[in-house]
Amino acid sequence: MGPFIVQFLTGLSNASALFLVAAGLSLIFGVSRVVNMAHGSFYMVGAYVAYFAISWLPKGGFWFWGGILIAAVVVGLLGTVVEVLLLRRIYRAPELFMLMATFAVLLVIQDLALWVFGAEDLLGPRAPGLDGSIQILGALMPEYDIALILIAPLVLVGLWFLLNRTRWGVLVRAATEDREMLAALGVNQKRLFTGVFFLGSFLAGLGGAVQLPKGGADLLMDLNVIAAAFVVVVVGGMGSIPGAFLAALILGELTSFGVLFIPQSTLVMMFFVMAVVLVIRPYGLLGKPEGVEHTVSELAQWPLRKASRKLRVTGAVLAAVLLAFPLFAGSFQLILIGEIAMFALACMSLFFITGPGGMVSFGHAAFFGGGAYAAALFVHHVNTPMELALLLAPTCMALLALVIGWFCVRLSGVYLAMLTLAFAQICWAVVCQWGRFTGGDDGVLGIWPSPWAGNEVIFYYLAIIISGGGILALRYLLFTPFGYAMRACRDSRLRAAAIGIHVRRRQWYSFAVAGMFAGLAGGIYVFSKGSVFPYEMSIPRSFDILLSVLLGGIHSLSGPVVGSAAFIGLEDLISRVHFWRLILGSIFILLVVCFPQGIAGYFSARFAKEPGDQEAGSERSG
Amino acid sequence: MTKLLQVDGLYKSFGGVEAVKGVSFDLEEGELLAMIGPNGAGKSTCFNVINGQLTPDRGSVKILGQDTTGMKPHNICALGVGRTFQVTATFPSMTVLENVQMVFLSARGRLSTVHRTVSRLFVEQAMDLLRVVGVESQWARPCGILAYGDLKRVELAMALANRPRLLLMDEPTAGMGIKERLTLMKLIGKIASERAIGVLFTEHDMDVVFAHADRIIVLNHGVLIAQGSPAEVRDNHEVRRIYLGSYAR
Ligand SMILES: Nc1ncnc2c1ncn2[C@@H]1O[C@H](COP(=O)(O)OP(=O)(O)O)[C@@H](O)[C@H]1O
Ligand SMILES: [Mg+2]
């Protein structure tokens, strides 16, 4: 009985830490609709600042808690600075751009933290007066865990008081429930948003600081906690503080007991719970459905344009250069360009559903990496020839996308994105843990092209033709009824349904097509690399793809190609330099502030003849 | 002969608000039925229940004798129901022509076509419809930048494109000047009688209603308080009371 109680209490203390981060994230999302990827970074900074503050301050319980409070305030101020200097400029930009901006902040903070705090993992100081353990029916329970258990309810009560009993809190709740109404009330939104960012970041910092004696501080905390915090927020219902509390309790207990059975995969278990909850309750346990579809509606202002003459000429020149490339390039450049092309196809497939389709996927690597694995496993286990493997990879991924998509198209906006992330994470876990079949962390090695394509020039042409063909096929699809039907569902679900379009079914099919082409990209990619590792299916991979799409711009059909070339080129240029994340993040921030429509979007807007020119693009033909 | 539309004892509430309380009425082929009532009377809610966007709490809807209660909008559309919305809903990123083409593509089951581009499908048919509603000159402009009155006409074209038997038009003339209102209603009346379509519409301008409706039903606070010919409704005491005598002289 004792160990059981201790396990239960440990779960409560896990829940406490989860709640602090998640509450801040939920609060910020509720008011500003910013999905703050940098929230985990604030948590990490909180832990580090607390460490240095506590070791600098005099010893003793008072100063210990004082140091923790100082850390929370410092992080709160950091959040305020980010809000005022960056986010405030781009609240009007598409939601996805804010995501990219906060992701850039995450990258920048990662390197700044490395620079300021050092690479070493820090062991947290013991809390004075709470450094022992108590006996519970024969089992030991650290005193500090008990203290942690008390913190979450205290913060919950404090937040409840703030939100329900103060004028400021009433405004925050009004903003969460109805932004338009708030604007109509004439409230100073800027001050409100900044205040909420301070509070949210303060809570993240507090969360990082209070877990210091338990978990210490290290540079991987940010990504680890952000994934968990998102799960809690989404399970609880975005914007709902009590929901976050409830979800933190459930997930905290689950991980605490789950660790007894499947030790390595607590995060995967959380994602699994999230998938189940979202399927049963699409808006989380205590969340409310979005009143208005706000996600990508701004996209609807961007008509689909046929290629202008200029673009056709550019495309032809590009194709000619690519075909002539082996004449004057070395093998390193050939491989690089080939990989850019495959990556561009993966990006185009994500763009297909994200831009014209309005469905943002945070887990597209499931299909890209999945295609790579499918091809590799066929070759490895049953000696499939390359040509057949290149057919089987997209087929398998179309089937996988049909399964995953069936659940995902029931949701929209951020919820849909989070569900794709959950499924991708589950796929990734399967690949990691089913070592006997997939090779686990060691990956699958020795996957080489058929002999006729073994020559690097021939393989280069193969890669260019498959990738380029895939990109053009997806592009063409956008101009067919299939693509139009998908776009109709994005533009107006209401109208689409009223003219007899089965909205979910169209979205489902589109999702499968995107998965299929991503699988094709992954299939050819594995033959270029010769091997595949679980990284190709992981969250960072998904974000590589998403960031490239955003980098190119979701308003423009050539965006994915430009974006992936820019992304891989950049990565290749700077990944050998120290602090490349800092550079990459700064570039993203600059891009977001200067080119809120992405690179390709910027140029196509800039070089369109005049603002009222949209008609000219779509000459009637028939 | 079966009625085109039969609504029987409809109830619908949102949380605490009872928007529609026991509304029953029916509609014949070729008939122009006006639903009137003050703002918040429950008119749009009735429309949304009839076209399947909302499920009623109680009551039933029959279209051409078939019980459609709880059916999804896309299935109800397939029975021959066209719909326009109080706040216009079109595809803003598509041109006027493409908006109408979409309806043809959907009605003819061509949405999965991948071997031809939209620019070659149903162009003439869609242009013809645009001519009927009088926005053919705008065909190449995206709906996102269209004037409100033109959007209402595009919606009408879209509602007509699948050859509906029943048209549901929620405030088809909102935001138009009085002359345009009258011409548009006249046009709707003409189309309805030519094609034997039954039309259920709401309208705030009583002059328009009394000039064009064959029959009128009156909603107030979710309750159907009167129905009958324009003359009967005009003389109804309760209707006069609600409209404070402003329209019923
Ligand atoms: N989706 C909804 N959620 C909550 N209340 C609603 C909703 N739709 C309508 N209502 C309420 O139902 C009542 C009737 O609205 P509506 O049918 O739009 O009236 P009308 O079209 O006659 O102006 C109003 O009080 C309105 O506030
Ligand atoms: Mg209405």
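How do the residues of the shell around ligand 1 divide into nonpolar, polar and charged? In this predicted model, in which local features need pLDDT of at least 70, side-chain atom pairs count only at pLDDT 80 or more, and totals for chains, interfaces and linings use all residues, residues are numbered from 1 along each chain as its sequence is written. Chains are lettered from A and ligands numbered from 1 in the order in which they are written, and side-chain values use heavy atoms, with hydrogens and water left out.

The shell consists of five nonpolar, five polar and one charged residue, where Ala, Val, Leu, Ile, Met, Phe, Trp, Tyr, Cys and Pro count as nonpolar, Asp, Glu, Lys and Arg as charged, and the others, Gly among them, as polar. Among the residues that surround ligand 1 are B:F14, B:V17, B:P38 and B:K43. Strand 2 (17–27) and helix 1 (43–50) of chain B each supply at least two residues of this shell, and helix 1 of chain B gives the most, with three residues; helices (H or I, at least four residues) and strands (E, at least two) are DSSP runs, numbered from the N terminus.

Polar contacts are pairs of N or O atoms within 3.5 Å; within protein, one must be able to donate a hydrogen and the other to accept it, and residues adjacent in sequence count only if both atoms are side-chain atoms. An oxygen atom of ligand 1 lies 3.2 Å from a polar backbone atom of B:A41, while for B:G42 the distance from a polar backbone atom to an oxygen atom of the ligand is 3.0 Å. For B:K43, a backbone N or O atom is 2.8 Å from an oxygen atom of ligand 1.

Key: Near = heavy atom within 4 Å.
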